[in-house]
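Please look over the sequence and the structure shown here before reading the report that follows. The report turns to confidence, then to the overall layout, and then to one pair of strands and the core.

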Amino acid sequence: MGGFGSGRMAWPTKKKVVEQCLILDIFTIAQGIQIAPGSTGTMSWSYDWEVTRDEVRFKLESRSPDLVIVLKYALRDLKSIESVIRLQQTRPQLGGRRWWLTCPLITQQGPCDRRVAKLYLPPGEVHFGCRDCHELTYRSCQTSHKSENWMQRAKEFLLRERHKTQGDPARRHRGK
Ligand SMILES: [Zn+2]
């Protein structure tokens, strides 16, 4: 499986870092919405140090035998990107269940299919993928802990629910 140093094309200058990416995190999604077909939400990221703001709409669908999360977003030059991310579930020994995202990218060796908690969209890329596929590294190699923490905080994103879970009986508000 293509990881770091696997001989694929190198980035022209230096590796992109996780801190530059939009990050899709299954744990945050699961906190915000019910992981079930029909659930929808919007995730947005705002970067304090750059003037950028990005938004991804997502919808959970059942595509037998899988549950998938369909992402829709727009990039500067390419409008209306749609990406389908397969969800996986594991049952930890301590009980309960845990959801994972599946990397949707195709590598030279075939579909990546890595089971991951987070997918990343680096600047200049079109699709979310795992750290290995995007060959991401961490800025913390180069900068102090202090500035890294500052960036983490500035980068926190907001998850807005379309349907509140606070006792709203109308479960699914489809559409606008
Ligand atoms: Zn991957």
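In this predicted model, the element of the protein chain with the lowest mean pLDDT is strand β11, residues 158-161, at 42, while the highest mean, 97, belongs to strand β9, residues 115-116. Two stretches of the chain call for particular care, and they are set out in the table.

| Stretch | pLDDT | Contacts in the model |
|---|---|---|
| Residues 1-12 | below 50 | 10, beyond near neighbours in sequence |
| Residues 141-176 | under 50 | 31, beyond four places in sequence |

Where pLDDT is low, the predicted coordinates should not be read in detail. For the protein chain as a whole, the average pLDDT is 75, and 64% of the residues reach a score of at least 70.

As for the overall layout, the protein chain contains 2 helices and 11 strands, and reading along the sequence gives the order β-α-β-β-β-β-β-β-β-β-β-α-β. Of the 176 residues in the protein chain, 17% are buried.

In β1, Leu22 and Leu24 form the covered face, whereas Ile23 and Asp25 form the uncovered one.

Setting aside its neighbours within four places in sequence, Lys118 is in contact with Ile23, Leu24 and Asp25. The C-alpha atom of Lys118 is also separated by 8.6 Å from that of Phe27, although these two residues are 91 apart along the chain.

The largest nonpolar core has 23 residues, and those touching the most other members are Leu71, Leu101, Leu119 and Phe128. At least two residues of this core come from each of β1 (22-25), α1 (26-32), β3 (52-63), β4 (66-73) and β10 (118-121). Beyond its neighbours within four places in sequence, Leu119 has contacts that include Leu24, Ile85, Leu101 and Phe128, and Leu24 belongs to the covered face of β1.

Note on methods: Residues numbered from 1 in each chain as written. Predicted model: local features only at pLDDT ≥ 70, side-chain atom pairs only at ≥ 80, totals over all residues. Core = buried A, V, L, I, M, F, W, Y, C linked by C-beta atoms within 7 Å. Buried ≥ 20, exposed ≤ 12 C-beta atoms within 10 Å, placed from the backbone. Helix = DSSP H or I, 4+ residues; strand = E, 2+ residues; numbered from the N terminus. Contact = placed C-beta atoms within 7 Å. pLDDT = per-residue confidence, 0-100.
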